[in-house]
Amino acid sequence: MASPRTVTIVALSVALGLFFVFMGTIKLTPRLSKDAYNEMKRAYKSYVRALPMLKKMGVNSIMLRKSIGTLEVASGIVMTLVPGRPKDVANFVLLLLVLAVLFFHQLVGDPLKRYAHALVFGILLTCRLLIARQPEEPLPEKRTLSVNGEEQPLLAEEAPEKGKIKVS
């Protein structure tokens, strides 16, 4: 049976991965939702206007939107389908993207309701990464000693009764 830790990591990985595939696809194409796609285009234009440094570097709103959308789709696919260490790398990349998007929302003065989803998913990404990075706790082994053909627990590992001190 899978441990609760494993179930939690898998559930968060699949849910977060699918969410970011969906959101990245909305940034890349109007096929899923034309209104949401147009809203993304408008939002990224305001982000580039608010950060003139991006324009100086040659980054326009289309390039910014498509690069973030592509990273979200790729990382979301990795989070959903690829096992092991790449999943943690994708988690970290998505966390950085969420932080960048939160920065952009703050920069243009968006109200909380416009970026609350990014805040929630950033917290979920952080939780998933923290749970995944915790070492797996091994189950305690019960060590025994064979005396005259009988298995007996080692004396040092027996827990003393509550309130009493064991003296050997």
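Which residues lie nearest the centre of the largest pocket, and how many residues line that pocket? The legends below take up this and other close-ups of a predicted model, in which local features need pLDDT of at least 70 and side-chain atom pairs count only at pLDDT 80 or more, while totals for chains, interfaces and linings use all residues. Residues are numbered from 1 along each chain as its sequence is written, and side-chain values use heavy atoms, with hydrogens and water left out.

**View 1. The lining of the largest pocket draws on α1, α2, α5 and α6, each of which supplies at least two residues.** The largest pocket is lined by 18 residues, and Met23, Lys27, Met40, His105 and His117 are those nearest its centre. Here a pocket is an open set of points on a 1 Å grid over the protein atoms alone, where a 1.4 Å probe fits and protein lies on both sides within 12 Å along at least five of seven lines; lining residues have an atom within 4 Å of a point. With six residues, α2 gives the most to this lining, and α1 spans residues 4-28. Sorted by class, the lining holds 12 nonpolar, two polar and four charged residues, where Ala, Val, Leu, Ile, Met, Phe, Trp, Tyr, Cys and Pro count as nonpolar, Asp, Glu, Lys and Arg as charged, and the others, Gly among them, as polar.

**View 2. The chain as a whole has six helices and two strands.** Read from the N terminus, its elements follow the order α-α-α-α-α-α-β-β; helices (H or I, at least four residues) and strands (E, at least two) are DSSP runs, numbered from that end. Of the 168 residues of the chain, 32% count as buried, a class that takes in residues under 20% relative accessible area, with exposed meaning over 50% and partly exposed the range in between (1.4 Å probe, protein chains only). Among contacts (heavy atoms within 4.5 Å) between residues at least 6 apart in sequence, 61% join residues at least 24 apart.

**View 3. Six aromatic pairs are found when the whole structure is searched.** The ring centres of Phe19 and Phe20 are 5.1 Å apart and the ring planes stand at 80°, so this pair is edge-to-face, and both residues are buried. For Tyr44 and Tyr47 the centres are likewise 5.1 Å apart, and the planes are at 70°, so this pair too is edge-to-face. Rings of Phe, Tyr and Trp (its six-membered ring) pair if their centres lie within 6.5 Å, and planes under 30 degrees apart count as stacked, over 60 as edge-to-face and the rest as tilted. Tyr44 and Tyr47 sit in helix α2 (residues 34-50), where a spacing of three residues separates them by about one helical turn; both are buried. Together with Phe103 and Phe104, Tyr44 and Tyr47 make up one aromatic cluster.

**View 4. Glu39, Arg42, Asp110 and Arg114 are charged residues linked by side-chain pairing.** A salt bridge requires a side-chain nitrogen of Lys or Arg within 4 Å of a carboxyl oxygen of Asp or Glu, and by this rule the count comes to six. Glu39 pairs with Arg42, their closest N and O atoms being 2.6 Å apart, and the two are three residues apart in helix α2, about one helical turn. Both count as partly exposed, Glu39 at 31% relative accessibility and Arg42 at 41%. In the salt bridge of Arg114 with Asp110, the closest N and O atoms are 4.0 Å apart; Arg114 is partly exposed at 27%, whereas Asp110 is buried at 17%. Salt bridges that share partners join Glu39, Arg42, Asp110 and Arg114 into one network.

**View 5. Arg133 and Asp88 meet in a salt bridge, with an N to O distance of 2.6 Å.** Arg133 belongs to helix α6 (residues 112-133) and Asp88 to helix α5 (residues 85-108), so the pair ties together parts that are 45 residues apart in sequence. Arg133 is partly exposed, with a relative accessible area of 47%, whereas Asp88 is buried, with 12%.

**View 6. Ser61 lies in helix α4, which covers residues 61-81.** Ser61 is buried, its relative accessible area being 13%. Leaving aside neighbours within four places in sequence, Ser61 is in contact with Tyr44, Lys45 and Val48. The C-alpha atoms of Ser61 and Arg42 are separated by 8.9 Å, although these residues are 19 apart along the chain.
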